[in-house]
Amino acid sequence: MMTDPHEPRPGKVPRVAARKRLSRDELQSQLKAKRADIERQVQATRAQIDQANERIEARTGRNLVLAIGIGLVLGVLLISSLIFLKWVFVIFAALIVAITTFELVQALNKSGRRIDAIPQVVFGVGIVASGYLGDGAVRWSALLGSIAVVVVWRLIAQMASQTSRSAIDTVADLATGAFVQIYVPFLASFAVVLVRQEGGQWWVLAFLILVVSVDTGAYVAGLNFGKHPMAPRISPKKTWEGFIGAGIAAVIAGVLLALFMLQVEWWVGIILGLLILGTATMGDLTESLIKRDMGVKDMSSWLPGHGGILDRLDSMLPSAPIALAVFLIVNLQTSLG
């Protein structure tokens, strides 16, 4: 019986199938080994990043990754509202002021003060709105009116309360309530006044960038070179080396902003940068002093990696009046010259 020479001999097919199965098993084994190696590398890299972040957090007191992420999101929202629609920025500012005022009131109440959240938040938003809708007289009237309401509200609430409170504590509560209105809504209203001016949105953006530059310069310089505490009893992590780094960043950012965004002389950027350096540092130390007096590390934990909202606004609030003042002086000089 003759056989076809092209027909596979008996036993050849099983051997070929076996070799195919063997090579497939080897390939799967190699793929599994490669995947396991990649997973080990990813885990090792993640562990290194976590360790580095822990060292930075131990040094600076913040979670760097979360801080950067949340800062970018808030920055995009803020810049978008400034560039495209001013009234959106006003709404955004009013919302931030409302939340920040409530946050500060809650922290003060936990520390033993008696501050009423409802009038603080409602009339604080009114102060911000007055900066956009009215003139200077309207805004000052709104401030005085809000303080009067806050004081009367607290007196009525105290008289209606069944718990007794000393005269000194009551006076301290009233003064603190007035301070809250000045510290958060009124200072924030200067930014709203500035943004309503022609071209004012760019000045608001410029002074916010300067504040961030000061904060970043202080952070980087303090992290790498910080050895001499600036105010150890108020803010132990703030150093003179960080302050110098903040000053360098402020001057560089100020000159660049003056030339390419504000369209003013370069020396105006230096002046604005140095002024913002002073107000941002003063604002940071002021809030640190308030927190130390209350015995808390952060105003709240609403912003992971940042602490509370006021912990991010502390440098911006006192910088807004300075930015408005420089804007008005520069425009006055332009109109006279």
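**Reading burial, core and pocket**

Mentor: Ser189 has a relative accessible area of 0%, and is therefore buried. Buried means under 20% relative accessible area and exposed over 50%, with partly exposed in between (1.4 Å probe, protein chains only).

Trainee: On what kind of model do such values rest?

Mentor: This is a predicted model, in which local features need pLDDT of at least 70 and side-chain atom pairs count only at pLDDT 80 or more, while totals for chains, interfaces and linings use all residues. Residues are numbered from 1 along each chain as its sequence is written, and side-chain values use heavy atoms, with hydrogens and water left out.

Trainee: Where is the place of Ser189, and with which residues is Ser189 in contact, leaving aside its neighbours within four places in sequence?

Mentor: Contact means heavy atoms within 4.5 Å. Ser189 belongs to helix α6; helices (H or I, at least four residues) and strands (E, at least two) are DSSP runs, numbered from the N terminus. Beyond four places in sequence, Ser189 has contacts with Ile127, Val128 and Arg139.

Trainee: Is Leu144 buried or exposed?

Mentor: Leu144 has a relative accessible area of 58%, so it counts as exposed. It is found in helix α5 (residues 136–160).

Trainee: How many helices and strands does the chain have?

Mentor: There are 11 helices and two strands, in the order α-α-α-α-α-α-α-β-β-α-α-α-α along the sequence. Of the 337 residues, 40% are buried. Among contacts with a separation of 6 or more, 70% join residues 24 or more positions apart.

Trainee: How many residues has the largest nonpolar core?

Mentor: In soluble globular proteins, nonpolar side chains tend to be buried together. A nonpolar core is a set of buried Ala, Val, Leu, Ile, Met, Phe, Trp, Tyr and Cys residues joined through side-chain atoms within 4.5 Å. Here the largest has 58 residues, and Leu104, Leu194, Trp203, Val204 and Phe207 have the most contacts inside it. Helix α6 (residues 167–195) gives the most to this core, namely 13 residues. Apart from it lies another core, of five residues, including Ala246, Ala250, Leu277 and Ala280.

Trainee: Leaving aside its neighbours within four places in sequence, with which residues is Phe207 in contact?

Mentor: They are Ala191, Leu194, Ile276, Met316, Ser319, Ala320 and Ala323.

Trainee: Which residues line the second largest pocket?

Mentor: Rolling a probe the size of a water molecule over the atoms shows where empty space is left. On a 1 Å grid over the protein atoms alone, a pocket is an open set of points where a 1.4 Å probe fits, with protein on both sides within 12 Å along at least five of seven lines; lining residues have an atom within 4 Å of a point. In this case they are Leu104, Leu108, Ser111, Arg113, Thr176, Phe179, Ile290, Asp293 and Met294. Helices α3 (86–110), α6 and α9 (266–294) each supply at least two lining residues, and α9 gives the most, with three.
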